Amino acid sequence: MDMELDERKEKILFAIIRNYLETGEPVGSRTISKYTDLNLSSATIRNEMSDLEELGLIIQPHTSAGRIPSDQGYRYYVDRMMERERELQDKEQELKSKEDLLIEKADQLEDLLQTVARTLADSTNYTAMVSSPQYKNNRLKFIQLTGVDERTLLCVIVTENNAIKNRVIQIPEPIDQETILKLNLLLNTTLAGLAVEEITLATITNMAEQAGKQREVVRTIVEAVGEAILSTDDEMRIYTSGATNIFRYPELSDQDRARELIDTLEQKKLLTTLVSDGSDGDENGTGIQVYIGNETPIQSMKDCSVVTATYELDDGVTGTIGIIGPKRMDYRKAIESLRTVKSQLDEAFRKT
């Protein structure tokens, strides 16, 4: 069908169709005024419905009744759905190509960060750590739902920085492909461009109302999207080198103390507190933090000093490099080394 409707008419037509599919009853202007987000009066909607009727997209089954879709209206609805489905498929293919490039770049970045950690440890004779860059821009770019089986959906979530996360969602009852398509359109129309904190209860409620019978599925999907975006555990990588350098310093080489410190460096999970604390707690404006003894947030490092620096590769893309050594470390040398590496890392990453 070559007919093109303006946005208002199309939204009203689709609202009539969706409502009629759910209820089987003719749809009046008052119902549509509550069903859409147009904020139009019933009189304005009646005028638009008259235009749709003249175009042959809706009909009035009998006097004083509401409207129902015509065959032509259904055809317009289906053609537009298929057009958007093709757009979704094209975007999915585009994202797949970008994902392949991101994987290749990630491999290069991993090699680079491991090299940086080794070089920093060798040049300072301390222990070095480097975290992978973290993306703090959590705005949604795209959501794609795909049916895995009758009761399982795969939700692919893409943020504006092209980070891709997958979540498997269990649903209470089977839904068909057409319903999945409708949910895709609803989710992307409503959520694309929003940060998690901008997805309000009113937003979710409005989506749930539009989803009709699938309102609980929508709530489950939005919850999964929020959890996926806020989660960084599957992205965080911390590379360490020079753990045995602690044996160079008698005050750290006690067997129990050294074992506890090395365990911390090997397990790496506790090191994430240094990463988050360093990136958020830069009070001096230099991007460099110095923790001496009990100031460090990690118990096993209470006899150490830790110097960290935050590097920024792009707007909202940051990581942490750090040096761990005795409290009598050469602080000037440590800070100068971090400043140099910070600059080199930025330049090297932009070339990868």
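I count two residues as in contact when heavy atoms lie within 4.5 Å. The model I am reading is predicted.

**Entry 1: L191 and the cores**

I started with L191. I left aside its neighbours within four places in sequence. L191 is then in contact with L140, I143, I199, T203, M207 and V222.

Next I looked up the nonpolar cores. The largest one has 25 residues. L191 is among the residues with the most contacts inside it, and so are L145, L153, C155, L187, I221 and V222. The most comes from α7, which gives seven residues.

I also noted a second, separate core. It has 23 residues, including L112, L120, I288 and I321.

**Entry 2: the sheet**

I turned to the strands. Strands of a sheet pair through backbone hydrogen bonds, either parallel or antiparallel. Here I found an open sheet of three strands, in the order β5-β6-β7, with antiparallel pairing. Which strands sit at the edges? They are β5 and β7 (164–170), and each pairs on one side only.

I checked how β5 and β6 are joined. Eight bridges link the two strands, which run antiparallel. For F142, I found the bridge partner V158 in β6. I also followed α5, which lies across β5 and β6. This helix runs at about 165 degrees to β5.

**Entry 3: aromatic pairs**

How many aromatic pairs are there? I got three.

I took F14 and Y76 first. Their ring centres are 6.2 Å apart and their planes stand at 50 degrees, so I logged the pair as tilted. The pair links distant parts of the chain. F14 is in helix α1 (residues 7–23) and Y76 is in helix α4 (residues 71–124), 62 residues apart. Are these two buried or exposed? F14 has 7% relative accessibility, and buried means under 20%, so F14 counts as buried. Y76 is buried too, with a relative accessible area of 2%.

Then I took Y126 and Y249. They form a tilted pair, 5.9 Å centre to centre, with 35 degrees between the planes. Y126 lies in the loop between α4 and β3 (127–131). Y249 lies in the loop between β8 (238–241) and α8 (255–267). The pair therefore ties together parts that are 123 residues apart in sequence. I logged Y126 as buried, with a relative accessible area of 7%. Y249 counts as buried at 12% relative accessibility.

F14, Y76 and Y77 form one aromatic cluster.

**Entry 4: two loop residues**

I looked up N245 next. It is found in the loop between β8 and α8. N245 is buried, with a relative accessible area of 10%. What does N245 touch, not counting residues up to four places away in sequence? I found A121, N125 and Y126.

Last, I checked Q214. It lies in the loop between α6 (201–211) and α7 (215–230). Its relative accessible area is 12%, so Q214 is buried. Not counting residues up to four places away in sequence, Q214 touches I175, T179 and L183.

Methods: Residues numbered from 1 in each chain as written. Predicted model: local features only at pLDDT ≥ 70, side-chain atom pairs only at ≥ 80, totals over all residues. Heavy atoms only, no water. Helix = DSSP H or I, 4+ residues; strand = E, 2+ residues; numbered from the N terminus. Buried < 20%, exposed > 50% of the residue type's maximum accessible area, 1.4 Å probe, protein only. Phe/Tyr/Trp six-rings, centres within 6.5 Å; stacked < 30°, edge-to-face > 60°. Core = buried A, V, L, I, M, F, W, Y, C linked by side-chain atoms within 4.5 Å. Pairing = 2+ DSSP bridges. Axes fitted to C-alpha atoms, helices over the stretch in contact; angles between N-to-C directions.
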